[in-house]
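Hi everyone, thanks for making time. Today I'd like to talk about charged side chains that pair up, so let's get the picture on the screen.

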Amino acid sequence: MAVGKEIRNQIKSVENTKKITKAMEMVAASKMRKAQDRMLAARPYAEKVRNITANLAKANPEYVHPFMLPAPGGKKVGFIVVSTDKGLCGGLNTNVLRAVTTKLKELDGQGIKADVVSIGNKATGFFNRIGANVVAQVVGLGDTPHLEKLIGPVKVLLDAYTAGELSAVYLCYTRFINTMKQEAQVQQLLPLAANEFAGETTHAWEYIYEPDAKLVIDELMTRFVEALVYQAVAENMASEQSARMVAMKAATDNAGNVIKELKLVYNKTRQAAITTELSEIVAGAAAV
């Protein structure tokens, strides 16, 4: 039964694959909880910096930070694209890279070029393949994002914007909605829009600046932008683990269905072979 042996080998191969996907599903489920906790823990800091920045903007209107000024006229923009280092997470990277590609084509039609800062192996490989101008990159973040690894590459675009070389900077990542749903986002990071400052205060705050207002506001605005980028990376990591868990569960279920179908085919083949042998024995006995 050469055919039956081949089917048994296929069943064994699919069973081994099912064990791997099941293990990866369990690992992703464990990491997903930690990633979600990390993402939720970062939100209060981002909201606090957001509120302080809003109060500072109202308390000291005579000084306006360059990040809040209208975009200077230019023919170049910047993109900070957050992706994953590893695959096997469904269409997570595909969706965000498709959204970025659509935006790049739209800007290219207007004659606007783009500089890209890629975070993650998948984004780095993609932009290198399409020939985009990657000015900085970050790979190997692991399961826990560290701000010190993000500051350097992001500062490249922040300095270029402050110098008037870029007219806008966009932040692209996958936003975590829930375990089953993640959305690709392409948001304008600079210039900071008015709705970025969530503090609907009914009164103005008076601050005492040390050493001076300009230095304090400059430092705070930089921290504010860094907090937005860090939050985007944390959201993307939570989305990655959720998407990987769902993808591996689907792969495990599909493997189970394939095994059932192969076993059915194997049983039918085996039954046909036995019937054929019995028919040959009966025919031989009748001939004798």
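Okay, start with Glu240 and Arg244: their side chains meet in a salt bridge, with N to O at 3.0 Å. Just keep in mind that this is a predicted model. Where do these two sit? Both are in helix α5, four residues apart, which is about one turn of the helix. And are they buried or exposed? Glu240 is buried, with a relative accessible area of 10%, and Arg244 counts as buried too, at 8%. The cut-off for buried is under 20%, so both make it.

Why would such side chains pair at all? Well, opposite charges can pair when the charged atoms come close.

Now slide along to Asp253 and Lys249. They form a salt bridge as well, and their closest N and O atoms are 3.2 Å apart. Again we're in helix α5, four residues apart, about one turn. What about accessibility here? Asp253 is partly exposed at 38%, and Lys249 is partly exposed at 43%.

Take one piece of that, Glu226 with Arg223, a salt bridge at 3.0 Å, N to O. These two are three residues apart in helix α5, which covers residues 213-287, so about one helical turn separates them. Glu226 counts as buried, at 8%, whereas Arg223 is partly exposed, at 33%.

And how many salt bridges turn up in the whole structure? The search finds ten.

How values were computed:
Residues numbered from 1 in each chain as written. Predicted model: local features only at pLDDT ≥ 70, side-chain atom pairs only at ≥ 80, totals over all residues. Heavy atoms only, no water. Salt bridge = Lys/Arg side-chain N within 4 Å of Asp/Glu carboxyl O. Buried < 20%, exposed > 50% of the residue type's maximum accessible area, 1.4 Å probe, protein only.
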